[in-house]
Amino acid sequence: QVQLEESGGGLVQAGGSLRLSCAASGSFFRIDDMRWHRQVPGKQRELVASITRYSMTNYADSVKGRFTISRDTAKNTVYLRMNNLKPEDTAVYYCNVRSLSWGSRSEEYWGQGTQVTVSS
């Protein structure tokens, strides 16, 4: 079992910055892929950024050049640095990880979400 604790959301003006954090804890062999998604009410959840165990990254076109995903493998923590925020970035941001259990099962877990609100 993996527990995810997210932090760092809040209210910011357009052009500002925020950093989200998501720490994984519990019983697992290792954390593999780590991702950030976001969701606006009435819309589908979308993948914002992902990072593999080998630190290969991928971004949604809408955030390329503004957001940076990183991870601290020793702390089982993933970060999302968001710069030059726009009102359209307003959403609930969810951390999502794929872990490998001690029994060699690949499992997925989701955080509870953290609200990011960008005012114009």
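## Terms and model

A residue is called buried when its relative accessible area is under 20%, exposed when that area is over 50%, and partly exposed in between, using a 1.4 Å probe and protein chains only. The model is predicted, so local features need pLDDT of at least 70 and side-chain atom pairs count only at pLDDT 80 or more, while totals for chains, interfaces and linings use all residues. Residues are numbered from 1 along each chain as its sequence is written, and side-chain values use heavy atoms, with hydrogens and water left out.

## Gly 16

Gly 16 has a relative accessible area of 16%, and therefore counts as buried. Gly 16 lies in the loop between β2 (10-13) and β3; strands are DSSP runs of E with at least two residues, helices are runs of H or I with at least four, and both are numbered from the N terminus.

Leaving aside residues up to four places away in sequence, Gly 16 touches Met 82, Asn 83, Asn 84 and Leu 85, where contact means heavy atoms within 4.5 Å. Lys 86 is 70 residues from Gly 16 along the chain, and the C-alpha atoms of these two are separated by 8.3 Å.

## The disulfide

One disulfide is found in a search of the whole structure. The term stands for a pair of cysteine sulfur atoms within 2.5 Å.

The angle about the S-S bond is -80 degrees, and the link is left-handed. Cys 22 is buried because its relative accessibility is 0%. Cys 95 is also buried, with a relative accessible area of 0%.

## Two further loop residues

Is Ser 101 buried or exposed? Its relative accessible area is 8%, so Ser 101 is buried. Ser 101 sits in the loop between β9 (91-100) and β10 (106-110). Among residues beyond four places away in sequence, Ser 101 touches Phe 29 and Glu 107.

Tyr 54 belongs to the loop between β5 (46-51) and β6 (57-59). Tyr 54 counts as exposed because its relative accessibility is 61%. The C-alpha atoms of Tyr 54 and Asp 33 are separated by 8.9 Å, and the two residues are 21 residues apart along the chain.
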